[in-house]
Amino acid sequence: MSRQHIISMLLENESGALSRVAGLFSARAYNIESLTVAATIDPSLSRLTVVTVGSDKVIEQIKKQLDKLVDVVKLIDLSESFSLERELVLLKVKKSDATEQKISDLGADSMACITDETDGFLIIEVSGEKTWLDDFLLTLGDDIVEVVRSGVIGLSRGERTLTL
Amino acid sequence: MELSGGEIVIQSLKDEGVEYVFGYPGGCVLHIYDAIFRQEDVKHVLVRHEQGATHAADGYARASGKPGVVLVTSGPGATNAVTGIATAYMDSIPMVVITGQVPKAVIGSDAFQEVDTIGITRPCVKHNFLVKNVGDIAETMKKAFYLATSGRPGPVIVDIPKDITDPNIKVPYEYPAEISMRSYTPPVSGDIGQIIEAVKLIKEAKRPVIYSGGGVVLGEGSAELRELCRALNFPVTQTLMGLGAFPGTDPQFIGMLGMHGTYEANMAMHNSDLIIAIGARFDDRVTGKVDEFCPHAKIIHIDVDPASIAKIIEVDVAIVGQVKPILLDMLAQIKHLDETFDRARIADWWLQIDQWRATDCMAYDTTTGTIKPQYVIEQLYKVTGGEAYLTSDVGQHQMFAAQFYPFDEPRRWINSGGLGTMGFGLPAAMGVKFAHPDADVACVTGEGSIQMCLQELSTMLQYDTPVKVINLNNGYLGMVRQWQEFSYDSRYSHSYLEALPDFKKLAEAYGHVGMTIKKKEDVEPALREAFAMKNRTVFLDFLTDTKENVYPMIAAGKAHHDMMMGPSSKYKRNEP
Ligand SMILES: Cc1ncc(C[n+]2csc(CCOP(=O)(O)OP(=O)(O)O)c2C)c(N)n1
Ligand SMILES: [Mg+2]
């Protein structure tokens, strides 16, 4: 019944716009799995992508309530169409032959690469779909010292866009 | 024209056609107050508490249809206003609230009288603005009025740091004639395809009910609603917020619905096969138990706010847009049909409703000598000829007023339905009086509620806004006591008000007329005497039955057909 949705929106690049979106989720007890926001090429707009979970009814309400916010210019549910989603993960592991082997095994068909090596620690940079990354992190398990995820972003494929 | 920021605020109000500002001064708005001093078009009303300012502006807006305007200082001025802002928000009342803010340079430094007004009010406003440049004030004011009054109306805040109102910094002023915002496009007319679908359902209905709400009042759709109801001859129920849009004395009106609605209205909802919801939002006090709401009905929902659709209840046909054009389009479609929607078409349904009606569900004991609160409202209706503007506070007295004073016109019944704010009634009544100086205005209240914004009696003397205060003094926080009687075995935990003031003397101390009414036979004469004093505020303290309850009642979480009936009703358990 409950499903994950990636909702992406163009926001007026005003102070307070982000807190309106975040506040809406907490005030109405909606879920936030991840939230990411940054300016677009048009400096008057920022693009915010939120991953949320809910029944069809709840997701419908979330979209309507977001749309109702005056700072939200336009909104798209990426889960409704054929879209491309990506998340970036940086993770730190202790350097050892075993971990390096694991990474090169796992990384063969992914975008994982060792980006930094300092004082016996590696920073691995990997991007992919959220679920794939979840699995990837599970396999590394206890080897991980620290991890940071960017939150999901996405674009719909083909002609469909979120632009003005 | 070159103006300072403070002058721009006031000039914008002037250009917006604002007549009254309800406010209270303080450090961060002193430049603005100086601009007020140097002009005469925009009149300022000095309240005694910022909550009073917001409720007064709100009452003004509800009675006039024009936006209410409030001006308060930063910090405590803004926080005191929050209750009134939330009250307006919950009932979708157009309001523009100007709040002073500390100078830009010290924002975020915990400066004297600094609060994050934008943050505090964010969840209870339609939108809010922090203005950063003096050159942006005029356009922001325009946006604020546009947002407050269009689409689903609501309060909008304009937070203005003191430095940008500096009298020494002048900028060219021009008030925008029009404004559009790319991120905001309120809907206009409804989708005609959906309207046709709705009319199909209307054609098939055997047990229809029109369920009309506050949106019809706010959207000025009362005339169209009446026309639709008369064209269809369907039974009409209204929410607490919708009363008056359709005449309360019309036999087609089956009473208010919901928690303290009539038996016939709630039973009709429960047994209906078609609900036509117009400008109503399926509030929990209306629906009762959601899972059992109108189990047999198809539902048509007309609303200006897309987010209201399917928020609580799934609907069969949704029509988003302004109520007025939608009802007109719907009427045109109905006239297109070659059908007669006379009463005979749904004769069985009306017969059933009349049987429910015969239970006389609001009947109360008229034989005792004590003053029953219902009796006072009935007499109030009689004495004012049903023509008064009634504001109310929150509690049993509010329900008695809604039940026993049928409103034949919209905007006459003014109460805090969504937030249920005690303290609303008195300042709201003052606001109504500013909107309609010649009308009879009464505030129906209780000894609990009235003490929450009592200080405005002083403002009412200063500005000569004569109101009749109908205090249904039962000595209890009556609505709380009623719930404790029903759900807590009559353990009246802190619902008894000891050490009440002598309200008569209190009114006199404020320079008004006070009356204490202890006997039933004095009720009507006292009301006549009070309303004869056209130019005086009269505080009528009615010492009523202390233990009267509001009936009928749907207990929280129960369904429409599961009502508690009063001992005086003719309801028998084995009835349908
Ligand atoms: C500001 C506020 N505080 C508390 C409540 C909860 N409440 C609802 S009705 C009520 C009792 C009101 O008492 P009174 O004004 O005497 O009216 P009565 O019910 O006796 O007619 C209370 C405390 C409220 N609605 N508003
Ligand atoms: Mg009371």
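1. The A:Lys92–A:Glu146 pair. The side chains of A:Lys92 and A:Glu146 form a salt bridge, with N and O 3.7 Å apart. The term covers a side-chain nitrogen of Lys or Arg within 4 Å of a carboxyl oxygen of Asp or Glu. A:Lys92 sits in strand β5 (residues 83-94) of chain A and A:Glu146 in strand β8 (residues 144-149) of chain A, so the pair ties together parts that are 54 residues apart in sequence. Over all chains, the rule gives 43 salt bridges.

2. Basis of the values. The model is predicted: local features need pLDDT of at least 70 and side-chain atom pairs count only at pLDDT 80 or more, while totals for chains, interfaces and linings use all residues. Residues are numbered from 1 along each chain as its sequence is written, chains are lettered from A and ligands numbered from 1 in the order in which they are written, and side-chain values use heavy atoms, with hydrogens and water left out.

3. Chain A, elements. Chain A has 4 helices and 9 strands. These are DSSP runs, numbered from the N terminus: H or I of at least four residues for helices, E of at least two for strands. From the N terminus, the order is β-α-β-β-α-β-β-α-β-β-α-β-β. The C-alpha trace of chain A spans about 55 × 40 × 35 Å along its principal axes.

4. Chain A, domains. Chain A splits into domain 1 (3-80) and domain 2 (84-153). The bounds come from an automatic or database domain assignment. Over C-alpha atoms, the centres of domain 1 and domain 2 of chain A are 28 Å apart. The contact (heavy atoms within 4.5 Å) takes 7 residues from domain 1 of chain A and 6 residues from domain 2 of chain A.

5. Between the domains. Domain 1 and domain 2 of chain A bury about 520 Å² between them, 62% of it from carbon and sulfur atoms. Buried area is the accessible area (1.4 Å probe) that two parts lose on being put together, summed over both. The rule finds 1 salt bridge across this interface. A:Lys130 forms a salt bridge with A:Glu33, and their closest N and O atoms are 3.9 Å apart. Which elements of domain 1 of chain A each supply at least two residues to the side that touches domain 2 of chain A? They are β1 (3-12), β2 (34-39) and β3 (45-54) of chain A. By class, that side of domain 1 of chain A has 2 nonpolar, 4 polar and 1 charged. Ala, Val, Leu, Ile, Met, Phe, Trp, Tyr, Cys and Pro count as nonpolar, Asp, Glu, Lys and Arg as charged, and the others, Gly among them, as polar.

6. Chain B against chain A. In this interface, 21 residues of chain B are in contact with 20 residues of chain A. The two chains bury about 1,600 Å² between them, 45% of it on carbon and sulfur atoms. On the chain B side, B:Arg122, B:Arg182 and B:Ser183 lose the most area to chain A, together 40% of what that side buries.

7. Polar links between the chains. The rule finds 2 salt bridges between chain B and chain A. B:Asp305 forms a salt bridge with A:Lys68, with the closest N and O atoms 2.6 Å apart. The side of chain B that touches chain A has 10 nonpolar, 3 polar and 8 charged residues.

8. Ligand 1. Ligand 1 is surrounded by 17 residues, and the closest are B:Gln396, B:Gly420, B:Ser449, B:Tyr476 and B:Gly478. A residue counts here if one of its heavy atoms lies within 4 Å of the molecule. A backbone N or O atom of B:Gly420 is 2.8 Å from a nitrogen atom of ligand 1. A polar side-chain atom of B:Glu447 lies 3.0 Å from an oxygen atom of ligand 1. For B:Asn474, an N or O atom in the side chain is 2.9 Å from an oxygen atom of ligand 1.

9. Backbone points to check. The peptide bond from B:Tyr551 to B:Pro552 is cis, with omega near -10°. B:Pro552 is in the segment after β20 (538-543) of chain B. A:Asp119 is not a glycine, yet has a positive phi of about 50°. A:Asp119 lies in the loop between β6 (113-118) and β7 (121-128) of chain A.

Key:
A polar contact is a pair of N or O atoms within 3.5 Å; within protein, one must be able to donate a hydrogen and the other to accept it, and residues adjacent in sequence count only if both atoms are side-chain atoms.
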